[in-house]
Amino acid sequence: MLLRFIAKRILLSIPLLIGITLVTFVVSHLVPADPLTAVLPERAWNNPETVRMYRERWGLDRPLHEQYLIYLRNLVRGDLGESYTTRRPVGTDLRLFFPATIELATAAMLYAVTVGIALGVVSAVWSNRLADHLARLIALVGVSLPVFWLGLLALQLFYAKLGLLPGPGRIDTRLVAPPTRTGFYTIDSLLAGQTDVFLNTLYHLILPGMVLGSYAMGIIARMTRSSLLEVLSLDYIRTARAKGLAERRVVVGHALRNALIPTVTVVGLTFGSLLAGAVLTETIFSWPGIGRYAVDAATKLDLPAILGVTLLIAVVYVVVNLITDILYGVLDPRIRVG
Amino acid sequence: MFAHSLMSGTVATALGSRMGRRRFLQLSALGGGLLATGSLLAGCRGGAEATPTTAPAGEQPMPTAAPAGQATPTAAPAAGGTFVIARLTDTITLDPSRQYELTSPIVVGACYERLVTIQPPDIKTIVPQLAREWEISDDVTTYSFTLRDDVTFASGNPLTAADVIFSFNRLRELKDNPSWLAEVIAKMEAPDDHTVVVTLTEPNAAFLAMLVSPNFSALDSQVVKEHGGTDQPGADQSDKATEWLNQNSAGSGPFILKSWVPETEIVMERNPNYWGQPPALDRVIIRHVADPTTQRQLLESGDVDAAHNLDADIIAELEKAGTVNIVRGDTLDTEYFAMHTSQEVGKELADKRVRQALAYAIDYDGIIEQILRGAAVRPPSVIPAGLVGVAEAEPYKYVRDVEKAKALLAEAGLADGFDLTLTYSSGGTEVGGVSSEVLASKIADDLSQIGVRVTLDPRAPDVRLADYRAGKLQCTISGWTPDFLDSHGWAIPFGVPGEAAARRVAYENQQVAQLFQQAVRVADPKERARLYAEGQRLLNEDAPFLCLYQPKAQVAVAKSVEGYVFDPVIQVSVAQVRKTS
């Protein structure tokens, strides 16, 4: 049953992805600039032969619809084309930069979920008391502070002034990256048996993880609070209390599980946006992730790279939504697929 | 560094060392899941904090104690160590024959060597590197080089004439961005293992200076061939060595390339088989850090030893604080104001007197003092200061004279001024890190003082560049970065009709073109200087381009760093850098 559900969802996402490539393709071509401007050095423009060679290399000499069909044909073969700026296959680039972003987004999500839910529970249980006000204030701050501001401030305070947490980058500046196997420093360092690099990687994830996760943390805290408050006022909770169950069991065992369903939706959606929205955090923390790659690609009109990133993010959204749907079933058997 | 250790000391006292730090984390993480990670790692950074410049234990296979045994007479205390540069890297490839960016030359300059080089700050005198001596024919068409016979590559292979010929041929046959540099070569011969005779397609007095370019590095032909490299025609398709050369080096330089992770780091280590004086450093890491403020934080915290992309404001603050040293040097970048000379596009600017009026109206000193905080010079024309024939052209430099400017406008029948559209890159940065908007506004302001009504026209950087190249702009501000170390590299594109820059403003003056073309065909430096100076005099009189400034490079380095000198070709020769303390 579940497998059929997943298969159906994947099939449904194919037209969606094709639509995304089409829109991106057309929109990118509306920009009135030549993508080669950013790529070719001054001297090369003097030689029409070189310019022609470059146009041919990326198929830019063909009409738009032909370019698009060629792109689709290559895409089916798993070929995302070659980036104008990095001169590497886009697939290689995505493999190179995406793990850093996943690592960062995972740290952010871990922070957002644990702290967000904890704050939400505290808020709901002691609602309208001091603890609630404090927790809500923290959530509000998390939601409203712009990431770039929070990031700069956090770096300035915890790194530059206090020296408590490490500075920008995935590892200390004087350490060398572990040999690349997966691209995840946490995994690669363990595979290479470099525990010092592993610990250093974790240490470097704290600050950017918290900065990137602060918004999701605030949202999750608010969502948990409101849905938990709602659940806590329901009859079955009153029954549980009347039975004489410990308050702790009532909240964690009975109420929280039901209250988490809206939270899971939010978590799913924000995880996607964390991946896509890591641009600012990555810039501030010199994090070689997909967000920065996307910005570079966009400013240089690097079409294959733009398309590659867009597709990747779209796929991530599809997958995350799928996982969210499956998680609903785990939390609430009534909405289990089938 | 001093400030840093003092600071961490204060923090330690205030917070009661580790306990305090743990509680602090507790507060900030609010008992979240990261707390466990936080306390687990609390001790991790301890050592690094106390002595920020020491490499972490276990990361340094060769402890600094090892080289101490073979102490050289001049040895400063404690050689070796890891040198970290924070830089906005733009590397596309580290293959010496393909790279044409600004960061790659640091690596190529450290891992490879060239026949000839320079010793900055003197950029005019060309000195031997792999070539022991050379002879140039009177018609500047044949260059014979005698190679050193004691050079070995990092692989252990000896350097021979065949390696040099292979490298130059491969550069040309790859048909990549820098290949045009080698197109002046007609043929190369090796009468013996240590002699290379290069014959050019036509007389070229700039060829020796061109060889200073890192693209003319000598590659270990045996190693490159082993990894799929070739110098044969068709190499643009058949050469497969670049992928390997992006992660390894095949040179004779004092360092070897260990790894490159794009947009992250480039790691080089000391070449244990180096034929010459071994470098002081064990390892050099170039770390990609895009943001200037972040670079500053890393430097001040002792996490990096040099920061390459600081803006003028940060440099001024650092200089005031005195916590780091600022190294300055002349770049070969020039920023210029271009005016279209045709009636159709340039409109009023088609009249030479109007262009001259604008040249007299611009407050050049103000630009350098206010916008660049003095960190720039201004050569007489677009050819950068320090090159042949530039000092000689000094009398032809424009200086601000508002009265003269107004008189020239009146002479041209525009006493009441006129409307001018000045196009610039919106949100862009000009050479020397100057905001395009700030510079354009300053010029608009200066021109308004002689009655010119300027409309500022910001366009996306790539759009502006494309429009400028297509010759569609009435006037604009633009930058030029060097291709090689000779005035020839500027004289042709700016002075010869139809060439890269001249075409963009439809500039044509056959007299200028002839002078500049003649200047590269004569061997005598004095005569060359005279020809370039005369060409610049006429070019300035026509005033299609006005050089606004030539920025100085400003690099901030930690106090413990010695021997850091800015090099306009390879940014810095890391082999000369030492770290004390």
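Me: Okay, two strands pair if DSSP finds at least two bridges between them. Which residue is the bridge partner of B:Met188 in β7(B)?
Reply: In β7(B), B:Met188 has B:Val198 as its bridge partner. Before we go on, this is a predicted model, where local features need pLDDT of at least 70, side-chain atom pairs count only at pLDDT 80 or more, and totals for chains, interfaces and linings use all residues. Residues are numbered from 1 along each chain as its sequence is written, while chains are lettered from A and ligands numbered from 1 in the order in which they are written.

Me: What counts as a strand or a helix?
Reply: Both are DSSP runs numbered from the N terminus: helices are H or I with at least four residues, strands are E with at least two.

Me: In what order do the four strands of the open sheet in chain B come?
Reply: The order is β4-β5-β7-β6, and the pairing is antiparallel. The edge strands are β4 (131-136) and β6, each pairing on one side only.

Me: And what holds strands of a sheet together?
Reply: Strands pair through backbone hydrogen bonds, either parallel or antiparallel.

Me: How many bridges are there between β4(B) and β5(B)?
Reply: Five, and the two strands run antiparallel. For example, B:Glu133 has B:Thr146 as its partner in β5(B).

Me: How many residues sit between β6(B) and β7(B) in their hairpin?
Reply: Five residues lie between them. The two strands pair in the antiparallel sense over four bridges.

Me: Switching to chain A: how many helices and strands?
Reply: Chain A has 13 helices and zero strands.

Me: How confident is the predictor in chain A?
Reply: The mean pLDDT is 87, with 97% of residues at 70 or more. pLDDT is the predictor's confidence in each residue, from 0 to 100. In chain A, helix α2 (48-57) has the lowest mean, 79, and helix α7 (185-191) the highest, 94.

Me: Which residues of α12(A) are buried?
Reply: A:Ile290, A:Gly291, A:Arg292, A:Tyr293, A:Ala294 and A:Ala297. A residue is buried if 20 or more other C-beta atoms lie within 10 Å of its own, exposed if 12 or fewer, and partly exposed in between, with C-beta atoms placed from the backbone. Of the 338 residues of chain A, 44% count as buried.

Me: And what comes after α12(A)?
Reply: A:Leu301 follows, with a positive phi near 55 degrees.
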